[in-house]
Structure formats: structure tokens, C-alpha cells
Amino acid sequence: MAITYSLVIPVFNEERVLPLLLRRLNELMTKLDGPAEVIFVDDGSSDATGVFLGALARGDHRYRYIGFSRNFGQQIAITAGMEAASGQAVILMDADLQDPPEVVLQLAAKWREGYEIVYAQRTARNGEHLAKRVTSSLFYRLFNWLVAEKIPRDVGDFRLIDRIAVDAFLEMPEANRFVRGMLTWIGFRQIAVPYERDARAAGNTKYSAAKLIRLAATAVVSFSDVPLRAAIWGGAIISLGAMAYGLFVIYRAFFWTQGLIDGWASTVVIISMLSGVNLTMTGIVGVYIGRIYSEVKRRPLYVVARRIGFEHEATAALKKSAAS
């Protein structure tokens, strides 16, 4: 039977929330208007998450399990799930139940109306502290100021994507991935479904401040060259300032020599100008060169240690081929 909906859920050390998540997923799949599969992508969990989900995938044909050999990151895990999905619509969601599975029904309804991408937009962020909300708002403002392809504010990766958009997304080979930005870039008809984001059902967030900063840096560097142009302008401003100061020093050398130490001013001007320009330009260009280096190596995005629950698909394909 052809799959209509593929739910892709990246997980990392989520053993505490899995029983509640599965109960709500089972209820959701009984309400969907077509056959569904759930693909869990284990991003190198060190707890019992992999054991639990592996056993689930062996016993229930609706569930699939992909276990990475190590932690590759949420954005890569999402990509792996999308590559493995066979549904006509792919739904991305988190495992911590901050993305309520019941909202998927609203996403599916909009998809049935003809939209290729239906994203869930937060109207409230329950359980999140003030600093997280403020920094998130600042990120969206900064990102949309820097890039041409604007992403909607208060929108994460929770969304439904039509097969045609999934295929377009999978044609993008970059190693440094910012999924929501990539899905905005490919276009197609997109619409929002508002929802209230719940507090985490159990456990703690796996996205540390350092990971959030790295994701923000990836987002900006992957979609904008504004920092490079800013480096040029910054270097030019520093150079002009140093030149202006140099003219002032020359003036003092001829007309106001009191307190002037020979050689000191010119040394300060030269060092300030060169240091400012070099540090600014080298730092920003270095970030882009580092990204280029990681892309040209062409390493695989991830390494899979185990795949469970996909065997029946291969068997079905063989039977179909033999019948034809």
C-alpha cells in the first residue's frame, strides 16, 4: 500500500518522552486520511532511545528506525529522514512534544487544498524562558535583514512538505544545512498554520547555546554574503579613520609639536590601520573559506549504523517486480 504521509522525527537521548510521544502518534495516525509511516532518526543517542525505537520498528510495520554512527546534528538527521521517506507528504517535527502531533491534521488539510509547503507558525512559546524568546526574535530579524529569501518569523522546522518540494530539497547537496532556509529558498506555494508551542513534555533540551550559535552562523553564512561586504566597508572605514588621524599627526608635526614623541604617532597609525583591516577581513573571509573547504571534501552527510523497519519495503518491491 502506497504511503501518503511520512513523519520524520529526529531524536537524541529522548527515552523519557518516547512512551507519551508514541501514544499521541498512534492516535494521530488513526485520524489521518491516508496510510502513514513514522521515521525516527537517532542522532547518536547514548541512552536507551535506540534500543526502544529499534524494538518498536521490528514489531510495528508503521515505524522505521535509522541510527547514526555518531551525533551529526539535527539538520542532518532531518535530511536523512527526508531521504528515507516514501510518502507523498513529509512532515517534520520534534520528538519532545513541543510540536503537538495533532497540528499535523491542520497541516494535512492545507496540503489537500494544494499548498506544497505548510509550515506551523508559533503564536505562543510555552515553557521557554525570556532569553530564548528574545534571542530567537533577534535571530529572525537579523537573518531576514541579511538575506533576500525571507523566512517567516516564529517558524521552526515543524511543517508538511509535498513530494515535489521534497525532491527539490534533496537536490541541494550542501554539507552545512539550514533546513528551514533551504525550504524557503526552493519556493513553491507556502502557507502558515498558527499553533501554540507546548512546553517540553519530559527531559531537557539538547540544543545548547553553543549549538544555537553555530546554527545561526550556518544560516547566515549559507544564505548571505553581507558579512563579506560588511568586511570591505569596515576595512574602508578603519582605513579612512587612520588616514584622517595621519593627517592630524602631520599637522602636529609642523604646527603643534609640544608633547609629540618622535615616531610614536606614525607607528600607532600604521598598526591601527593594518590590524583593523587585516583582522576584520581575515576573520570573515576565513569563515567562508572554511565552509568552502567542508563542501569540497564531498564527505557523506552522515553514516548510518542501523536501519530497521525498511525490510518490508524491499520485499514488496521484489514481489511487485516479479509480478510484472
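User: Hi! Arg64 and Glu37: buried or exposed?

Analyst: Both Arg64 and Glu37 are buried, where buried means under 20% relative accessible area, exposed over 50%, and partly exposed in between (1.4 Å probe, protein chains only). This is a predicted model, in which local features need pLDDT of at least 70 and side-chain atom pairs count only at pLDDT 80 or more, while totals for chains, interfaces and linings use all residues. Residues are numbered from 1 along each chain as its sequence is written, and side-chain values use heavy atoms, with hydrogens and water left out.

User: Thanks. What do Arg64 and Glu37 form?

Analyst: A salt bridge, with the closest N and O atoms 3.0 Å apart. The term stands for a side-chain nitrogen of Lys or Arg within 4 Å of a carboxyl oxygen of Asp or Glu. Arg64 is in strand S3 (residues 63-68) and Glu37 in strand S2 (residues 36-42), so the pair ties together parts 27 residues apart in sequence. Helices (H or I, at least four residues) and strands (E, at least two) are DSSP runs, numbered from the N terminus.

User: How many salt bridges are there by this rule?

Analyst: The count comes to seven. One of them joins the side chains of Glu102 and Arg24 at 2.8 Å, N to O. Glu102 sits in the loop between strand S4 (89-92) and helix H4 (104-112), and Arg24 in helix H1, so this pair links parts 78 residues apart in sequence. Glu102 is partly exposed at 33%, whereas Arg24 is buried at 18%.

User: And which residue pairs with Arg62?

Analyst: That's Asp60, with 2.9 Å between the closest N and O atoms. Arg62 is partly exposed, at 23% relative accessible area, and Asp60 counts as buried at 17%.

User: Switching topic: how many residues are in the largest nonpolar core?

Analyst: It has 38 residues, and those with the most contacts inside it are Tyr5, Leu7, Leu25, Phe40, Phe158 and Leu160. Such a core is a set of buried Ala, Val, Leu, Ile, Met, Phe, Trp, Tyr and Cys residues joined through side-chain atoms within 4.5 Å. Helix H1 (residues 18-31) gives the largest share of this core, six residues. Apart from it lies another core of 28 residues, including Ile76 and Phe310.

User: What does Tyr5 touch?

Analyst: Leaving out residues up to four places away in sequence, its partners include Leu32, Pro35, Glu37, Trp111 and Leu160. Contact means heavy atoms within 4.5 Å.

User: Where is Ser6 found?

Analyst: Ser6 is in strand S1 (residues 5-11), and at 0% relative accessibility it counts as buried. Beyond its neighbours within four places in sequence, Ser6 contacts Glu37, Ser86 and Val90, among others.
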